[in-house]
Amino acid sequence: MSYHLKTLTQLRAGLASRAFSARELTVSFLNRMAAHDGGLNSFITQTPEQALLAADLADKRLAAGETGPLLGIPYAHKDIFCTAGVRTTCASKMLGNWVAPYDASVHQKLAAAGAVMLGKTNMDEFAMGSSNENSAFGAVKNPWDHTAVPVGSSGGSAAAFAARLVPIATGSDTGGSIRQPAAYCGITGIKPTYGRVSRFGMIAYASSLDQGGVLGVSAADCAVMLQAMAGHDARDSTSAPVPVPDYVAQLNQPMAGLRIGVPRQWFTQGLSVSVAARIDDALLELEALGATRVAIDLPDAPLALAAYYLIAPAEASSNLSRFDGVRFGHRCADPQDLNDLYERSRSEGFGAEVQRRILIGTYALSAGYYDAFYVRAQRARRQIAAHFASAFAHCDVIAGPVAPNVAFDLGAHSKDPATMYLEDIYTIPVNLAGLPGMSIPVGFAGGRPVGMQLIGPAFTESRLLSVAHHYQQHTDWHQQIPNAYREDVV
Amino acid sequence: MSSHAGWEAVIGLEIHTQLATQSKIFSGAATAFGAEPNSQACAVDLGLPGVLPVLNAEAVRMAALFGLAVGAHVALESTFDRKNYFYPDLPKGYQISQLAQPIVSGGAVVIAVGEGDKAVQKTIHLTRAHLEEDAGKSLHEDFAGATGIDLNRAGTPLIEIVSEPEMSSAAEAVAYARKIHAMVQYLGICDGNMQEGSFRVDANVSVRRRGDTQLGTRTEVKNVNSFRFLERAIDYEINRQIELIEDGGRVQQQTRLYDPNKDETRMMRTKEAADDYRYFPDPDLLPVIIKPETLEAWRASLPELPDAKAARYQAHYGLSAYDSSVLTSAKQTAAYFEQTLAAMGKAGDAKLVANWVTGTLAAQLNKEGLEISLSPVPADLLAQLLLRVVDNTLSNKLAKEVFDAVWAGEGTPDGIIEARGLKQITDTGAIEAMVGAILAEHPDKVAEYRAGKDKLFGFFVGLVMKAAKGKANPQQLNDVLKSSLGSCGEEGGV
């Protein structure tokens, strides 16, 4: 039936017409996971039994005449969302087999919509990383090239979807963790405005930057999924009390007169020539569809990088203090005293990158350094947000690269975290300003996918989705599938 | 202190006041005291991964009320910060508190220093009062070789009220603490229970030679769960520091625990290396915004506070300044006084009630260590008793006897008067008959009295009162006796 080649809209129609059942659909994707995930390592936990139960429940609801855009649709959850009854690991030995006694708000919404969770995907430990090599459950492979990283931190979700092991997946994005793996795996991803999707039950890395989102085949599919996830949540004080528009209904906003801002500074030093070329091609396509290109200035991407690597670790150092071996998670054997319990539990439970960021953050918040580091970083953050605001006086959407290069080889940067941090230079400013950002596939360089980033003012997800949708109506980059994963699994 | 002339103490207090909200400051879990360990701790209180704090608006209102009551600046925008440190009873590894922008800053209260009419007023300024969450409890005693953690208290809303270091004796510190204690109870924002830890006072104490302008090194004294212990702990600490310095030693910056059994403070930890709590704004919480009109509505809702009530008692009831301040020093005492007076209706006598509440009742409560709210003689029964004093049914002495019987649970005042036949004899004829009989029995003493031995008057009063079983109205007895002794002399002429 090649369910893996269908869009959510097509799957919904098939379910509604009873052409196939939710159980058949679920079994088909579970078979793909069983056949392919061994090579990709994109899942930490597969939940076939729960999935079949959920599928049967969806079939009952469908049989009762109920309809819904996600009713009976399988999906994968990044293993950062808490799910009652299924372990949530954040890819850390620290959490191991910890099972939350509650569902993340996002999970509650998806479950209520009748979506069928197939499992929980691999990631960089606690969402810290740009390669998805920082996982206690092993690195994830890029479906396009198993010697390449899928990039992180939502690398498991990106790889699982790129190989079409699932029809759609959730992710989270603190400094680029949805957009980068989407770009490097040749798929579509959206990080909404900060506050658009509830953070309740999404294990915190950097609270002022974390935002849940979606990875899928197209803007249209992401719109369906985001619709179900977005909205105000009383359990998250930072979630926005802003009405959620009908993203699907607004996919066809007119392109004529749309001003696309292109930041001059993002196309200079450090950007791969072939990545720049693919993005230029995409911009020409958008111009052909009626948009106009406007040069804008976003001068402070390097500043953003520095600010991010102070603010995010600072928040992380505090957020991760609760992992102390006292109440849950990893506890060292035979602690001699309280300090020994803390030191060994945390040294054993956290991986190297997590420990590095906890140390950086602790340092940045320390007496005598706080003003020089944290306070200045927050000032830089306000300046970056102000520059975006000025830029949006001249354009409706900003377009540019997602990352300087295509996916790098596994292990290429593992000894050099500072080079790895440079991968985040185009995505981080968006998180610092709290804006919505997307990545859409715009071609290949050296056989590895290239993504283009779209950025809008706060709460303009519908416009970003619409621009991406128009582009995808006239291109087929988003429909490319690695050869090894194209065929049906029988 | 008196033994250390030439020295002065400098004291500032930090008071952790648990707010009387139904639920916790950042979660929906209940705040009731004494539940099974860890039965009132939800995922947020446990600091489980992924959970988020949501501010309890009632805690904000209560903190603002306190600020308004002490004339402080109540910030229309305040923020929460994280205070980071590791401890097993601090589940998240940080406490959510307010450092940079507290909800309340400034303000002052007036205390009375000294007793009775010699008391003088002193203004103690507040530095700030900020909202924060309480930690859980570590239980070291009940587990051999291990520590138990009870997180029921974790997340209970607190305001930490910080005073300026403006008190110079333990007595002043206690007066200040009592004043704050009264305020929070008047406001209904704290139950004030010190035993259960609802109102916890830490004292920063330092000493310096009189005339010195520089502050001495201070110690922080913790673990005082009554005003009596607060006074003792501070006195002990002042003396310890002075003796230490006089012996050539140096006060170290320390946190010290008061041990009520040994009546001493002892070191808990040194603070030589300043703690670095790595405060930063909590990114999970938005700034707390109070609309000006909301603040004004809260201001309008303030109840009558101790100072205003005391002034009213003086002006309206003619009570002394001292009685007024004693009666208003605790909300429940004032309420008891007012209820008693009201229950007496038109016969109410404020001074009589004040004397009983601050005298007999206070002494008995103090003796048995009871709060006035738990008095075995409730306000309506004291009122009934005092009505019998006003209408001369009972002498003061009999009234005390009836009071003791009511306290002992023997019934109502009227019931006890009836059952014991304690009704005062006010019939002049009956008293005259008794006086006549006694004088007739003691002609020799009558003669001695008339010969000028005035002291025998008391002898006759005693005999008549004994014959009356103590029930004769004393004033009438005096009058009758006086006239009888005089008239006998004229008549008898023996």
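**Domain and chain contacts of chain B**

In this predicted model, the C-alpha centres of domain 2 of chain B and domain 3 of chain B are 34 Å apart. The contact between them draws 4 residues from domain 2 of chain B and 4 residues from domain 3 of chain B. On the side of domain 2 of chain B that touches domain 3 of chain B, the residues comprise 1 nonpolar, 2 polar and 1 charged. Within chain B as a whole, domain 1 covers residues 2–296, domain 2 covers 304–420 and domain 3 covers 428–493.

A pairing of two helices was also examined. Helix α10 (residues 379–390) of chain B and helix α12 (residues 413–420) of chain B have axes that come within 8 Å and cross at roughly 50°. From α10(B), the contact involves B:Leu381, B:Gln384, B:Leu385 and B:Arg388; from α12(B), B:Pro413, B:Asp414 and B:Ile417 take part. Classified by residue type, the contact of α10(B) with α12(B) contains 4 nonpolar, 1 polar and 2 charged residues.

Chain B also touches chain A, in a contact that takes 24 residues from chain B and 34 residues from chain A. On the side of chain B that touches chain A, α1 (43–46) and β4 (81–84) of chain B each supply at least two residues. By class, the residues on this side of chain B are 15 nonpolar, 4 polar and 5 charged.

Technical notes: Residues numbered from 1 in each chain as written. Chains lettered and ligands numbered in written order. Predicted model: local features only at pLDDT ≥ 70, side-chain atom pairs only at ≥ 80, totals over all residues. Domains from an automatic or database assignment. Contact = placed C-beta atoms within 7 Å. Nonpolar A, V, L, I, M, F, W, Y, C, P; charged D, E, K, R; others polar. Axes fitted to C-alpha atoms, helices over the stretch in contact; angles between N-to-C directions. Helix = DSSP H or I, 4+ residues; strand = E, 2+ residues; numbered from the N terminus.
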